[in-house]
Amino acid sequence: MSVSRFDFDTVINRNNTHCEKWDDMQAYFGVSPADGGIPLWVADMEFLPPPAVKEALASMLEGVLGYTGDYREYHAAIAGWMQGRHGWTIKPEWIFATHGIVMAVNTIVQAFCRPGDNVILQTPVYYPFFGAVRNNGCRVTANRLVRNGQGKYEMDFDALEAQMDGRTRMIVLCSPHNPGGRVWTRQELERLAEMCCRHDVLIVSDEIHHDLVYGDAGHPHTVMASLSPEVAARTITCTSATKTFNLAGTLTGNVIISDPALHRQFERQMHRAGMFLPNAFGMAAATAAYTQGDDWLDTLLPYLAANRDAVAQAVAGLSSVSTMPLEGTYLAWLDFSGYCAETGRDMQEVVRRIQQEARLALNHGHTFGPGGESCMRLNFACAKSQLSEALQRFVQVLV
Ligand SMILES: Cc1ncc(COP(=O)(O)O)c(C=O)c1O
């Protein structure tokens, strides 16, 4: 048996390291690391990044930490990754470096919407999207995802068509979807894109989870903007090395816009916010990861798939809790509606048992918007031994 060059099994102590997931767990969930609490919430992983990232950052520390310039290597690294992993050809001049993707989505709303415009979100969805729309004076049109016969989310195309009514400026697509782990098929994306073209709706495609797709999903990730020149001309793509390679703290994202007019409009808003230069550490980390991180990612994905299966297996032991079959992401989406109906317990009691008795912190489903109320999100990107301990406690307090 070959031994992996990368270690995902060691449990790393992140306590008191200014780590949101561990150091804010007590404040948000009343779950303390000192009592053996395990955080399964914030979407970062309990793993060290690829060694090449550490080397790149260490070598920076030998030098002067001044302003950044000459982005050729950085842009080439992004373009190389998109071509190699996603078959998507991009030009360096299409790329913006932002201070993360949440910042990018906020800036996109500021750049392209007027106060009062409607923006469609397919809920339940990554909760900062709601803030990006509402904090910028726009209105969220919630388009609820529906569960199909396999228990997976599907888009409600009829409702979408009705919601594209002339006041709708934009849809923020989460692709792959968080939570629920859908990797939208080419056919689904084509149908959505066709509708957006017909109704003149801008597409913001947040593809930050695009590398975290499982081989057994049955289909690869499709880049929305790669569908056709017509779709590319109305699509703003958001990606990042931070999710793929566990570099979230470097808070550096890619916004990729091929249409020159949209590109200029976004650039003006970036400049109004004083966003001219990328973060030097984020840029170096992304460059190293995109150029030397393939093996690391190829080793990580089967590890995550095994953890995903362990979650599904543990939950299967609780007959009335269901977990959505995941095609991508490391975020299990657990539905307790059947459990509550069967046991007479409500979500408050489920949360109490999980937090107070099992000492686990999972994201509460209602924060993801309409459709998430009976759910919780469980981040399984951690060492096998840690996950196994967490799942044991989870099952114990719910039986
Ligand atoms: C869909 C989605 N977009 C954006 C982000 C965060 O992006 P950033 O950390 O670059 O702001 C996340 C993190 O979980 C996410 O799931």
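**Sheet, helices and domain contact in a predicted model**

Strand 13 (residues 360-364) has five of its five residues buried, so the strand is largely enclosed by the rest of the structure. Here a residue is buried if 20 or more other C-beta atoms lie within 10 Å of its own, exposed if 12 or fewer, and partly exposed in between, with C-beta atoms placed from the backbone. Strands (E, at least two residues) and helices (H or I, at least four) are DSSP runs, numbered from the N terminus. The model is predicted: local features need pLDDT of at least 70, side-chain atom pairs count only at pLDDT 80 or more, and totals for chains, interfaces and linings use all residues. Residues are numbered from 1 along each chain as its sequence is written.

Two strands are taken to pair if DSSP finds at least two bridges between them. Strand 1 and strand 13 run parallel and are joined by three bridges. Ile38 stands opposite Leu360, and Leu40 has Leu362 as its bridge partner. Strand 13 and strand 14 run antiparallel, with two bridges between them; in this pair Asn363 is opposite Arg377.

Helix 13 has 23 residues and reaches 33 Å from its first C-alpha to its last, close to the 33 Å expected at 1.5 Å a residue. The expected span is 1.5 Å times one less than the number of residues in the helix. The buried residues of helix 13 are Trp296, Leu300, Leu304, Asn307, Arg308, Val311 and Val315. Their cover includes strand 11, strand 12, strand 14 and helix 16 (384-398).

The chain is divided into domain 1 (20-49 + 294-398) and domain 2 (54-292), with bounds from an automatic or database domain assignment. The domain centres, taken over C-alpha atoms, are separated by 25 Å. The contact takes 26 residues from domain 1 and 32 residues from domain 2, where two residues are in contact if their C-beta atoms, placed from the backbone, lie within 7 Å. Helix 13 (294-316), strand 12 (331-335) and strand 14 (375-379) each supply at least two residues of the side of domain 1 that touches domain 2. Helix 13 gives the most to this side, with three residues. By class, this side of domain 1 has 15 nonpolar, eight polar and three charged residues. Ala, Val, Leu, Ile, Met, Phe, Trp, Tyr, Cys and Pro count as nonpolar, Asp, Glu, Lys and Arg as charged, and the others, Gly among them, as polar.

Phe130 lies in helix 6 (residues 128-134) and counts as partly exposed because it has 19 C-beta neighbours inside 10 Å. Leaving aside neighbours within four places in sequence, Phe130 is in contact with Leu121, Val140 and Gly369. The C-alpha atoms of Phe130 and Phe368 are 8.8 Å apart, although 238 residues separate the two along the chain.

The ligand is surrounded by 13 residues, of which Ala43, Gly100, Ile101, Val102 and Tyr126 are the closest. The shell around the ligand divides into seven nonpolar, five polar and one charged. Helix 5 (residues 101-112) has 12 residues and reaches 16 Å from its first C-alpha to its last, close to the 16 Å expected. Its buried residues are Ile101, Ala104, Val105, Asn106, Thr107, Ile108 and Val109.

Conventions: Near = placed C-beta within 6 Å.
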